[in-house]
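Please examine the sequence and the three-dimensional structure shown below.

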Amino acid sequence: MSTAMEEREPVAAPTSIPIPKVRRGLRQYFRDVSQEMKKVTWPTRTETNRLTGVVLGVCILVVLFLTALSVVFDTIFQVVFRGGLK
């Protein structure tokens, strides 16, 4: 009598993924790359400019945040280790 709650023996996972042995050459590689690049959906110029602005804005915010942390910790270390501010 078999039930759904029966215990099953664990199945061992494969130790590695089999890699096919294919030698097609450098020319075929570049053909494949060319075909794949044609499938890519490229962003518009407007979208690229907007996203570039977002990246630069985030970089500026991170620089300001890290600068503020540096100033705060420098002040704390001066007070603790040097006995006060200059």
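Helices are DSSP runs of H or I with at least four residues, numbered from the N terminus. Helix α2 is followed by G83, whose phi is positive, near 80°. The model discussed here is a predicted one.

**Helices**

The protein contains two helices and zero strands. Helix α1 covers residues 25–39, and helix α2 covers residues 45–82. The expected span of a helix is 1.5 Å times one less than its number of residues. Helix α2 has 38 residues, so it should span 56 Å, and the distance of 54 Å between its end C-alpha atoms agrees with this expectation.

**Exposure**

How many of the 86 residues count as buried, as a percentage? The share is 1%. The protein exposes about 9100 Å², and carbon and sulfur atoms supply 65% of this area.

To classify single residues, two cut-offs are needed: a residue is buried under 20% relative accessible area and exposed over 50%, and it is partly exposed in between.

| Residue | Relative accessibility | Class |
|---|---|---|
| Y29 | 48% | partly exposed |
| F30 | 51% | exposed |
| E36 | 45% | partly exposed |
| K39 | 60% | exposed |
| F73 | 45% | partly exposed |
| F77 | 45% | partly exposed |

F30 is exposed because its value of 51% is over 50%.

**Aromatic pairs**

A pair of aromatic rings is described by the distance of the centres and the angle of the planes. The structure has three aromatic pairs. One of them joins Y29 and F30: this pair is edge-to-face, with 5.2 Å centre to centre and 70° between the planes. Another pair, formed by F73 and F77, is tilted, with 6.5 Å centre to centre and 35° between the planes. F73 and F77 both lie in helix α2, four residues apart, which is about one turn of the helix. Ring pairs also link F73, F77 and F81 into a cluster.

**Salt bridge**

Which side chains meet in a salt bridge? A search of the whole structure finds one salt bridge, in which the side chains of K39 and E36 meet at 3.3 Å, N to O. Both residues, K39 and E36, belong to helix α1 and are three residues apart, about one turn of the helix.

Terms used:
Residues numbered from 1 in each chain as written. Heavy atoms only, no water. Buried < 20%, exposed > 50% of the residue type's maximum accessible area, 1.4 Å probe, protein only. Areas by Shrake-Rupley, 256 points an atom, 1.4 Å probe, with all protein chains shown as cover. Phe/Tyr/Trp six-rings, centres within 6.5 Å; stacked < 30°, edge-to-face > 60°. Salt bridge = Lys/Arg side-chain N within 4 Å of Asp/Glu carboxyl O.
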